[in-house]
Amino acid sequence: MCGIVGYCGHRSAVEVVVSGLRRLEYRGYDSAGVAVGAHGRIVEAKKAGKISNLDAELAAHPLPAATAGVGHTRWATHGPPNDLNAHPHVSENGRVALVHNGIVENWATLRDELAAEGVVPVSDTDTEIAAQLLGRAVADGADLTTAMRQVAPRLEGAFTLVAVDAAHPDTVVAARRNSPLVVGVGDGENFVASDVAAFIEHTRDAIELGQDQVVTITADAVTVTDFDGNDAPTTPYHVDWDLAAAEKGGFDWFMRKEIHEQPEAIANTLLGRHDAAGRLVLDELRISEAELRLVDKIVIIACGTSFYAGMVAKYAIEHWTRTPCEVELASEFRYRDPIVSPRTLVVAISQSGETADTLMAIRYAREQGSKVLSICNTNGSTIPRESDAVIYTHAGPEIGVASTKGFTTQLVACYLLGLYLAQVRRTKYDDEIAAVVAELETMPDLVQRVLDDQDAVMRLADELVDAHSVLFLGRHVGYPVALEGALKLKELAYIHAEGFAAGELKHGPIALIEQGLPVFVVVPPRGRDQLHGKVVSNIHEIRARGARTIVLAEEDDEVAAGHASILLSLPKVSTLLQPLLAAVPLQLFACELATRQGNDVDQPRNLAKSVTVE
Ligand code: M6R
């Protein structure tokens, strides 16, 4: 939610900041703005809408030359997305420009306090209140770093703040609490940003910041302290992906590129996970085997697509480890007084590693004494840092707001975790585990086969471009796949789409079926004979009522094919691993349909890639 950039160096600050914002636009695209200090005052440009609007504004009214500045791309929380509410916000005395990611929860109290002193805010935002406080602190003689240390502890909620003071325009100061911020360390230039993507074209050397820290950057120095001014520990790291990975690479959408990257992403996530004898080794896991043997319950917490990955994981983990496994929406978890203990293993799944709901649930679980293992795609992000252990998915940066390779690599990490637990707890024989790992290793090729066979999906998107409602059905691990298919369609095509457990149909949802209604059905492989037969019966039931059945079934499944208005064929694979294949045509379909509708596939309306507010 919201992308922020600060820069000090030897280049044009406006150019560096705006190009950084462009790479962070996936975080929010309601408005964008940039500010620099020049001749003792703040000069800014900001516009509602995408960064292209800001580009036009800057072309018409260029900002003065400066080598330090701050910028922002917004996902609106307080106040509608218009020019006035766009960041940066400037203090009444014109000294300080501030950009902000997060929510200042006590902004109304602070606004009343400022009003009593005669300060009247000009925007509807919580951010402006913080800008006014900083402006008053520097006017009282504090330097910007000291002002930030004074103001940040007064703010409640989650925030990253980045500011520049017109009186010292070569210095940028930032503060962080519960919201992402990384430092980029360059040669004669330094950066702060929500995400390394903002500065990856200039440097791959980064510093992770901890909670409640203030960082001051100039062209030549980076200083990090806590809110009391004490030196704070930091963790430098090297970013292991480059600019090319964050570019579209010839595809029209990041999402399409990311869908096509899945074979490689899955292969990378599987890389180096077992020793020569075939035993699984999860190097990043920092929980001992003894501790894992004591676990008596697993609770998976996640949001959105990651939650659906967790639902698939439950089937696999319980089957392989015979350990009870619950899956819970992170946003619900801590509000219902969940029963967790030091013997509970909490597994948090998050692509971004910054989702506020998941982070808060992790903190709650750790307070109860549970160990938390995160499955995450973003190195150096908050969720793995606050977990006891991590399994990184190695999908590379996911920029499209709709998660695709994030999902399939989360599935792979969940399977690896389930198999590792089975190995440690001896609930499966080594050869049984090795057989599943061997099958997992065939998945990159099988996903590639699904990607190479897109004709039916393309025709379907052509046919259904005017659909108003689409249903998705599945059973067992096909159920979360159905939910994920529906979510992709809602996010991208803005049409009514719902996923159901196929067995639930007769308990109500079958009333929705009408002549010609498109219904996707994920048919399990025939290995689970009962399950397969039941889903085929469900297809009968909806066809009899006029549904247009779009059947995803393994190749040569003539029974399922016989009931399909349209057949999407999947390579043969065992039941538990089928989601890795079945999700792919649904991702492609949503991408294609939204493209035909003229929607912005990478930046769907109202959404943001990284949801850093609760
Ligand atoms: O970064 P996370 O995995 O924690 O994000 C969770 C959800 O916000 C995310 O999966 C969201 O549902 C996606 N837009 C789905 O495509």
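**Aromatic pairs.** I looked up ring pairs in this predicted model and counted seven aromatic pairs, a pair being rings of Phe, Tyr or Trp (its six-membered ring) with centres within 6.5 Å. I noted that planes under 30 degrees apart count as stacked, over 60 as edge-to-face and the rest as tilted. I examined Tyr7 and Phe191, a tilted pair at 5.1 Å centre to centre with 45° between the planes. Tyr7 belongs to strand S1 (residues 3-8) and Phe191 to strand S10 (residues 190-193), so the pair ties together parts that are 184 residues apart in sequence. Strands (E, at least two residues) and helices (H or I, at least four) are DSSP runs, numbered from the N terminus. I found Tyr7 buried at a relative accessible area of 0% and Phe191 buried at 1%. Buried means under 20% relative accessible area, exposed over 50%, partly exposed in between (1.4 Å probe, protein chains only). Tyr7, Phe191 and Phe199 form one aromatic cluster.

**Basis of the entries.** I number residues from 1 along each chain as its sequence is written. Because the model is predicted, local features need pLDDT of at least 70 and side-chain atom pairs count only at pLDDT 80 or more, whereas totals for chains, interfaces and linings use all residues; side-chain values use heavy atoms, without hydrogens and water.

**Charges over rings.** I applied the rule that NZ of Lys or CZ of Arg must be within 6 Å of the ring centre and within 35 degrees of the ring normal. The charged end of Arg111 sits over the ring of Trp107, 5.0 Å from its centre. Arg605 lies over the face of Tyr494, at 3.9 Å from the ring centre.

**Helix H3.** I then turned to H3 (residues 107-116), where Trp107, Leu110 and Leu114 are buried. They cover an arc of only 65° around the axis, which puts them on the same side of H3; the arc is that of the directions from the helix axis to the C-beta atoms. Thr109 and Ala116 are exposed on the other side of H3. I listed strand S6 (96-104) and helix H4 (126-139) among the elements that cover the buried residues of H3, with contact meaning heavy atoms within 4.5 Å. Gly118, with a positive phi near 90°, follows H3.

**Asn85 and its loop.** I located Asn85 in the loop between strand S4 (68-74) and strand S5 (89-90). Asn85 counts as buried, at 0% relative accessibility. Its side chain reaches the backbone nitrogen of Asp124 at 2.9 Å, a polar contact (N or O atoms within 3.5 Å; within protein, one able to donate a hydrogen and the other to accept it, residues adjacent in sequence counting only if both atoms are side-chain atoms). Beyond neighbours within four places in sequence, the contacts of Asn85 include Arg74, Gly79 and Ser123. I also found Pro88 in the loop between S4 and S5, joined to His87 by a cis peptide bond with omega about 0°.

**Ligand.** I recorded 14 residues around the ligand, Ser306, Thr355 and Glu491 being among the closest; near means a heavy atom within 4 Å. A polar side-chain atom of Ser350 lies 2.7 Å from a ligand oxygen atom. For Ser352, a polar side-chain atom lies 2.7 Å from an oxygen atom of the ligand.

**Positive phi.** I noted His39, a residue other than glycine with a positive phi near 55°, as exposed at 80% relative accessibility. His476 has a positive phi of about 55° but counts as buried, at 17% relative accessibility.
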